[in-house]
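These are my notebook entries on a structure that I went through by topic. The sequence and the coordinates come first, and the entries follow.

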Amino acid sequence: MVAPNRLKKSFKEWKLYGFVLPSLAMVMVFAYFPALSAVYHSFFEWNGGDLQQFVGGANFLRAWRDPVLWQSFGTVFALMIFNFFKMMPSILLAVLIHRLRSDRWQYIYRVLLVIPMVVPQLVTLFIWKFFFDPNLGVLNRVLDIIGGKTALVWLDHVFHWNVFFTGVPIGWLAQPELILPALFIWGFPWIGAVGVLIYLAGLQSIGHEVYEAAELEGIGPFGKFFYIELPLILTQIRLTLALLIIGTLQGYGLQLLLLDTNGGPGGRGMVPGLWMYNRAFLAGEFGYACAVGMVLFVFILVLTSLNNRFVRAER
Amino acid sequence: MKSAVFSIRGRRDWPKHLIILAFLSIELFPLYMMFQVSFKDNATFIRNPWLPTNPTFWHWENWVFAVKLILPYIANTIFVAVTGTAATLAFAVCASYFFARRRMPLSGLLWYAFLVLMLLPSVANIVPLFTLLRELSLLNTLSALIIVSVAGGQVFNIFVLRGFIEDLPKDLFEAAEIDGAGHLQQVLHVVLPQCAPILGTLGILAFLGIWNDFLLPLIVLRDKQLFTLGVGLVYLDGEYVKQWGQIMASYFLAAVPLIILFLFSMRLFVRGLSQGAIKG
């Protein structure tokens, strides 16, 4: 009597596999297959269609000798390092909001911080592109009003940059030398706002008694920041930084839309992801694009594992 | 005495408020510009870029232009985002039920098969994905966008949902089983109601992800009547002669559905965005 029951039960359990099957099938076809296909095709000369020829490591050799790829890695590393500075205002803002005594104001600021995120990222991007416009752009007008233009021209005289001149509007996205600065300026508000919410979540766990103890010891506001707040949100900061870095390394939408597929004048804004996109969809060199993707993948893997080790060692 | 302390503390907060407001005004400045420029024509904007004009001189035709241009794109995007989000969550709930409910042969292996995907950067496989979609003749269809976003959303959602389903009290499932409920009924009547808040948060994240996506539609879509907001706005940006008022009104309209979503689910939104940023 037991056996049929168990059989019935195990049959019922086998049906459980049906629950994982749709997800598994989707992931196999649309994530695993393209990934494996990318690895495979990085060893081929491939135009994306029928023309396929095994070329061994030629694509990787070409990547090694490709000056554009090297330059694009330089650009993306500069952007990654700059993430570190982009985080600072949001840390400051989170600590300031956290230190407010009124809960109501804390809530109001939190809601106000979410509002810019309701706007689609693409729209934020285009508005910034509009701000960068040499003649109509808001950035140049603000610089004119606060005298920043004069200061830049003066600095140009002193350091011989040959970038800023009186009477010539600053072409933020049109002058090769200004592409990197423009990319640095861009995007501060959005990244800042998400970061603030994450840091606030971390700061919330600090008890009042910690602050009171600090006050009894006579520790000032700066001391509190360095001895209490900063150490306690270090996990969040590290996490955000890791996400920002990996996001920067992978990203190319920003550069594609601000600077077009060639990475702007002189290709100064070229990043590896964009170079891959450019090779595949403009030059039809799908095989080489796959190889560039592989190089990028290895970089991301190394950074992720370094980050994991770093985070673990700190715990 | 107490009030004196309070007022000193209150006064000490003023510099903080000022700094916070300065940062917030930088944050909100693009929104302000977008809104007020949307009512101007180019000549007015050049004469007076900063301040809104008198409402009697507002150029409502900018908004008429934007509605005509953007509304079909919004309809397409809503279709993709709603179907994509629903399918993502439906698949993910089922799969995480499988992982959370019982230890089955192979379940460990399958779990790692999903986890490994977290390491896989999407940037590397966009090229083969494109040729795969072409071979399945899914290029220039909205289904391609839905399918790819559903596949891409599985790992993160399963990862989060598994934890939530495992934390549900076992008695609930046992009681349902005694009542003769099959697995599908347990998912429908136990998992869905119990996990409603987290499903809401994950749903908003998935929806936002699809709404913000423009690279995939840019590669996949060709026909104008299939455009989602992303591609539509990219092509609008590429136009040579620019009427900034019209463009800004279109940008604003692109955000309106998200604003409505935000108004109805502010709490889930705030939580979702901070969790979404944490996702690994």
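**Entry 1: a pair in chain A**

I looked up Lys224(A) and found that this residue is buried, with a relative accessible area of 12%. I use buried for under 20% relative accessible area, exposed for over 50% and partly exposed for what lies in between (1.4 Å probe, protein chains only). Its side chain meets that of Glu215(A) in a salt bridge, at 3.3 Å from N to O. A salt bridge here is a side-chain nitrogen of Lys or Arg within 4 Å of a carboxyl oxygen of Asp or Glu. Glu215(A) is partly exposed, with a relative accessible area of 45%.

**Entry 2: basis of the values**

I note that this is a predicted model, in which local features need pLDDT of at least 70 and side-chain atom pairs count only at pLDDT 80 or more, while totals for chains, interfaces and linings use all residues. Residues are numbered from 1 along each chain as its sequence is written, chains are lettered from A and ligands numbered from 1 in the order in which they are written, and side-chain values use heavy atoms, with hydrogens and water left out.

**Entry 3: other salt bridges**

How many salt bridges does the structure hold over all chains? I find 10. One of them joins the side chains of Arg99(A) and Glu229(A), at 2.8 Å from N to O. Arg99(A) lies in helix 4 (residues 67-99) of chain A and Glu229(A) in helix 12 (residues 221-232) of chain A, so the pair ties together parts that are 130 residues apart in sequence. Helices are DSSP runs (H or I, at least four residues), numbered from the N terminus. Arg99(A) and Glu229(A) are both buried.

Glu166(B) counts as partly exposed at 35% relative accessibility, whereas Arg162(B) counts as buried at 15%.

I also record a network of salt bridges that links Arg62(A), Arg279(A) and Glu285(A).

Which residue of chain B meets Lys129(A) in a salt bridge? The partner is Asp237(B), at 2.7 Å from N to O. Across the interface of chain B and chain A, the rule finds 1 salt bridge. Lys129(A) is found in helix 6 (residues 121-131) of chain A and is partly exposed, with a relative accessible area of 21%. Leaving out residues up to four places away in sequence, I find that Lys129(A) touches Leu173(A), Leu257(A), Leu258(A) and Asp237(B). Contact means heavy atoms within 4.5 Å. A polar atom of the Lys129(A) side chain lies 2.9 Å from the backbone oxygen of Leu257(A). The C-alpha atoms of Lys129(A) and Trp172(A) are separated by 9.4 Å, the two residues being 43 residues apart along the chain.

For the interface as a whole, I note 88 residues from chain A and 90 residues from chain B in the contact. The two chains bury about 8300 Å² between them, 81% of it on carbon and sulfur atoms. Buried area is the accessible area (1.4 Å probe) that two parts lose on being put together, summed over both. In chain B, Phe23(B), Glu27(B) and Val123(B) lose the most area to chain A, together 8% of what that side buries.

Cys94(B) is in no disulfide, and the nearest cysteine sulfur, that of Cys195(B), is 12 Å away. Cys195(B) is buried, with a relative accessible area of 3%.

**Entry 4: positive phi**

Most residues other than glycine have a negative phi. I looked up two residues with a positive value. Phi of His160(A) is near 55°, and the residue lies in the loop between helix 8 (148-159) and helix 9 (176-185) of chain A. His160(A) is exposed, with a relative accessible area of 64%. Phi of Asp260(A) is near 75°, and Asp260(A) sits in the loop between helix 14 (253-259) and helix 15 (272-281) of chain A.

Definitions and conventions:
A disulfide is a pair of cysteine sulfur atoms within 2.5 Å. A polar contact is a pair of N or O atoms within 3.5 Å; within protein, one must be able to donate a hydrogen and the other to accept it, and residues adjacent in sequence count only if both atoms are side-chain atoms.
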